[in-house]
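Look at the sequence and the model side by side. Then read on for a short tour.

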Amino acid sequence: MKKDSPSAKERFFKPTGWKITGLVLVLVILLGLGAFLMMPPVTFPAPHLVFNRHTIPPFITMVESGGKVATWNKAKGEMTIEKTGDSIKLHIDTDRSRKIPIYINGSYVGKSPLNKRLFPGKYEIVAKPPGYMGSIRHLKLTNEYPKDKQVTLPVDEHHYQDYLDEILRLGYTPIRVMDYYNHVPITDKTLILRHDVDEVADYALKMAEIEQTRGVKSTYYFRWRTADPEVIRKVKAMGHEVGLHYETLAFYAQEMGLKSADEVTPAVRQELRRRLKFEIAEFERLHGDIYTIASHGAEENRQLKLTNFQAVMEGENPLDYGLIGTAYGAIIEKFTYASDVGGIWEPFPYLQLEENKGPFYFLIHPIHWASSFSED
């Protein structure tokens, strides 16, 4: 005989349900006692089972309605509750759109619009819609702010083709990195358009096709892990520039177990340069001539606090590597630079475009525009 499925009550009172219920009850008791006794700051474990995108917003709302500040540290798996003291109440919203995920110093706090209490200090407030570009705002809060402070973040929900059309509508001329080194005329309406293909080579191909339909040529830098021969062949056939997104220092640090920038001695730098020359030759053997390269920022670089460019190519003559230039260095200083690294624009570019703050150098990662390439 077929066993009846468990009732809602039975499902709720499974061991896991008991654990969650117990943790929530403990937290409620802590909050109640804290509000009554005005307890000092308290930090306690915040397991993902209880604290996640669905539970964090109502929990923070409950805590802060009781006159305290709640901060979730996802990386450490901890929740901190503090007395408000001189905290400032913020109303965080997003322009044009609502229900956009908001992050403060990397921690998710809910969807716009929302209220949040913060102590005076420096904060990074991010609005990031899933599948779309986001925006970022660095905010310095002081007691001089009004009691209730409004923070509105711009949000871009356009597809890549919309963004490209806006660039062209405003009269900008996109060029490749190699064009700059080949001395094409540079005006306030020039825009270097560069793409780092960190993940998913097919997204680069889709982006290249969108650009081709509008007569735009740009530069694509492929990592070894994304250097799909067929994709590169098609991208180059459209007239786009292709180069190596090198991570020579990261590879070497991983191989040799480097832990500090002090270990990158002059002898190590010479070895890195020898290796990069070999990489360039191998990339050209597989994919044809390249003219410029761009360094990739890996986790190893962040640990060493040293970029591939700083460790290998800074101060070097690109001609010694069979190149005409690099994507970093003096070239950046000659343009207004903006990047969508991490899926977040910093700074948000539209206002600068409209105010003719050019010439521009835009670094755009295809992976962050995935919604532009969906079948529908």
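## A strand inside

Is strand β14 (residues 241–246) largely enclosed by the rest of the structure, or open? In β14, 6 of the 6 residues are buried, so this strand is largely enclosed by the rest of the structure. Buried means under 20% relative accessible area, exposed means over 50%, and partly exposed lies in between (1.4 Å probe, protein chains only). Helices (H or I, at least four residues) and strands (E, at least two) are DSSP runs, numbered from the N terminus.

This is a predicted model: local features need pLDDT of at least 70, side-chain atom pairs count only at pLDDT 80 or more, and totals for chains, interfaces and linings use all residues. Residues are numbered from 1 along each chain as its sequence is written, and side-chain values use heavy atoms, with hydrogens and water left out.

## Partners of β14

Strand β13 (residues 219–222) runs parallel to β14, and 4 bridges join them. Two strands pair if DSSP finds at least two bridges between them. Within this pair, T219 stands opposite E241 of β14. From β13 the chain passes through helix α7 (residues 229–237) to reach β14, and this β-α-β crossover is right-handed. Right-handed means that, with the strands pointing away from the viewer, the path from the first strand over the helix to the second runs clockwise.

β14 also pairs with strand β15 (residues 292–295), in the parallel sense, over 3 bridges. Here L244 stands opposite I293 of β15.

## The whole protein

The protein has 13 helices and 19 strands. Of its 376 residues, 46% are buried. Now take the contacts with a separation of 6 or more: residues 24 or more positions apart account for 67% of them. A contact means heavy atoms within 4.5 Å.

## The largest pocket

How much space lies in the largest pocket? The figure is about 540 Å³. A pocket is found on a 1 Å grid over the protein atoms alone, with a 1.4 Å probe: it is an open set of points with protein on both sides within 12 Å along at least five of seven lines. Grid points are joined across faces, edges and corners, and the volume is the space filled by probe spheres set on the points.

The lining holds 25 residues; S295, H296, G297, Y328 and V341 lie nearest the centre of the pocket. Lining residues have an atom within 4 Å of a point. Four elements each supply at least two lining residues: β12 (190–197), α10 (299–304), α11 (308–313) and β17 (336–339). The largest share, 3 residues, comes from α11. By type, the lining divides into 7 nonpolar, 13 polar and 5 charged residues. Ala, Val, Leu, Ile, Met, Phe, Trp, Tyr, Cys and Pro count as nonpolar, Asp, Glu, Lys and Arg as charged, and the others, Gly among them, as polar.

## Backbone details in loops

Where are the cis peptide bonds of P113 and P359? One joins S112 and P113, with omega about -5°. P113 sits in the loop between β6 (107–111) and β7 (114–118). Another joins G358 and P359, with omega about 5°. P359 is in the loop between α13 (350–354) and β19 (360–364).

K99 is not a glycine, yet its phi is positive, near 60°. K99 lies in the loop between β4 (88–94) and β5 (101–104), and is exposed at 61% relative accessibility. V200 also has a positive phi, about 60°, without being a glycine. V200 lies in the loop between β12 and α6 (201–213), and is partly exposed, with a relative accessible area of 36%.
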